[in-house]
Amino acid sequence: MMRHLTLVVGATLVALSVLVSGAHADRKLRVVATIPDLKALTEAVGGELVDVDSLSRGTVNAHEIEVRPSMMLKLRKADALVENGLELDMWIDVAVRGANNANVVRGAAGLIDISRGIPVLEVPSTRVDRSMGDVHPLGNPHYSLDPGLAPVITQNIVDGLARVVPEHRAVFEHNRQAFLSELERRMGEWTKLMEPVRGAKVVVYHPQWIYFLTRFGLLEAGWVEERPGIPPSPQHLVRLVRAMRDEGVKVLIYAPWNDEKLATRVADE
Ligand SMILES: [Zn+2]
């Protein structure tokens with residue numbers, strides 16, 4: 001009965017907000033996301049009220065996206081822009097400058113930075129900047145790989161979308177709750193699935209898995225990269241291979257855009 005009631009209330013909210021007139025009432029909100037993870041989460045929150053486009057695909061390194069004119073065209077018509085922040089997708093500033101759209105510039109209501117409130121891991125204890133080649137100067141920006149952080153991320157999306165169309169906040173909030181309930185069910189399954197490998201040590205190519213590993217109780221024993229974004233020196237690789245042998249590390253995680261040959265060589269040794 002309770003579930004049925006909730007559905008009815010939800011449907012009423014949607015019906016009400018369709019009736020509310022406003023600048024965007026006659027069409028969907030046009031949202032652009034920098035990376036596909038954020039597109040999926042924005043669609044979960046925005047539902048029928050948004051049309052979301054991602055500026056990049058999941059098969060490329062989010063740190064190194066090349067800004068193209070097609071991105072500026074998408075941004076020119078956008079009502080809102082969802083960014084990862086923590087300098088992962090800082091290339092977006094160049095694209096926004098070229099788009100000349102006041103809706104999505106820094107400080108505009110339509111710019112949604114979803115890193116707000118994230119407990120950031122691996123914040124450097126000494127001063128680090130990009131001139132040293134380190135691509136994680138503000139701490140590790142790959143938090144969207146941890147499904148357990150979805151409540152924080154989706155709250156930022158609700159707040160951001162509601163800044164642009166305040167009359168739809170209740171619908172966004174309702175969609176978010178539905179999404180989080182489903183996610184909670186899946187988290188139960190995933191946690192059970194990961195239980196047998198809890199405590200296992202893994203080596204990663206680029207340090208992008210720490211949020212995911214921490215969530216499911218795996219331990220990060222080292223990186224193939226010397227520092228985030230910096231290729232390894234031969235000495236670093238020797239140390240890494242030795243540590244992997246000593247600590248009995250059997251897993252090395254790498255992404256499609258990493259140097260597969262190098263990853264395989266390290267794993268074989
Ligand atoms: Zn990174």
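Q: What share of the 269 residues of the protein counts as buried?
A: It's 44% of them. A residue gets that label when its relative accessible area is under 20%. Keep in mind that this is a predicted model.

Q: What makes up the secondary structure of the protein?
A: Nine helices and seven strands.

Q: How do you know which atoms hold the zinc ion?
A: A donor has to be an N, O or S atom within 2.8 Å of the metal. The NE2 atoms of His63, His136, His142 and His206 sit at 2.0 Å, so they pass as donors.

Q: How are the donors of the zinc ion spaced along the chain?
A: The pattern is H-x72-H-x5-H-x63-H. Take His63 and His142: this pair links distant parts of the chain, being 79 residues apart. His63 is in the loop between strand E2 (50-54) and helix H3 (69-76), while His142 is in the loop between strand E4 (111-113) and helix H5 (150-164). Both His63 and His142 are buried.

Q: Why does Thr42 count as buried?
A: The cut-off is under 20%, and Thr42 comes in at 0% relative accessibility, so it's buried. You'll find Thr42 in helix H2. Setting aside neighbours within four places in sequence, its contacts are Val31, Gly47, Val50, Val52, Val82 and Ile157.

Q: How do you know where the buried residues of H2 (residues 36-46) sit around the helix?
A: Those residues are Leu38, Leu41, Thr42, Val45 and Gly46. Looking down the axis of H2, they fall within an arc of 125°, so they line one face of the helix. Their cover includes strand E1 (29-33), E2, strand E3 (80-83), H5 and helix H6 (169-194).

Q: Which side of H9 do its buried residues take?
A: In helix H9 (residues 260-268), the buried ones are Leu262, Ala263 and Val266. Their arc around the axis is only 100°, which puts them on the same side of H9. Helix H8 (234-247) and strand E7 (251-253) are among the elements covering them.

Q: What makes Asp259 a cap for H9?
A: One of its side-chain oxygens lies 3.1 Å from the backbone nitrogen of Lys261, at the N-terminal end of H9. With 3.5 Å as the limit, that pair is close enough to count as a polar contact.

Q: Why is Asn101 called buried?
A: Its relative accessibility is 7%, and the label needs under 20%, so Asn101 qualifies. Asn101 sits in the loop between helix H4 (92-99) and E4. Its side chain reaches the backbone oxygen of Arg76 at 3.1 Å. Leaving out neighbours within four places in sequence, Asn101 is in contact with Leu75, Arg76, Lys77 and Ala78.

Conventions. Residues are numbered from 1 along each chain as its sequence is written. This is a predicted model: local features need pLDDT of at least 70, side-chain atom pairs count only at pLDDT 80 or more; totals for chains, interfaces and linings use all residues. Side-chain values use heavy atoms; hydrogens and water are left out. Donors are N, O and S atoms within 2.8 Å of the metal (3.2 Å for Na, K and Ca); water is not among the atoms, so sites may look incomplete. Helices (H or I, at least four residues) and strands (E, at least two) are DSSP runs, numbered from the N terminus. Buried means under 20% relative accessible area, exposed over 50%, partly exposed in between (1.4 Å probe, protein chains only). The arc is that of the directions from the helix axis to the C-beta atoms. Contact means heavy atoms within 4.5 Å. A polar contact is a pair of N or O atoms within 3.5 Å; within protein, one must be able to donate a hydrogen and the other to accept it, and residues adjacent in sequence count only if both atoms are side-chain atoms.
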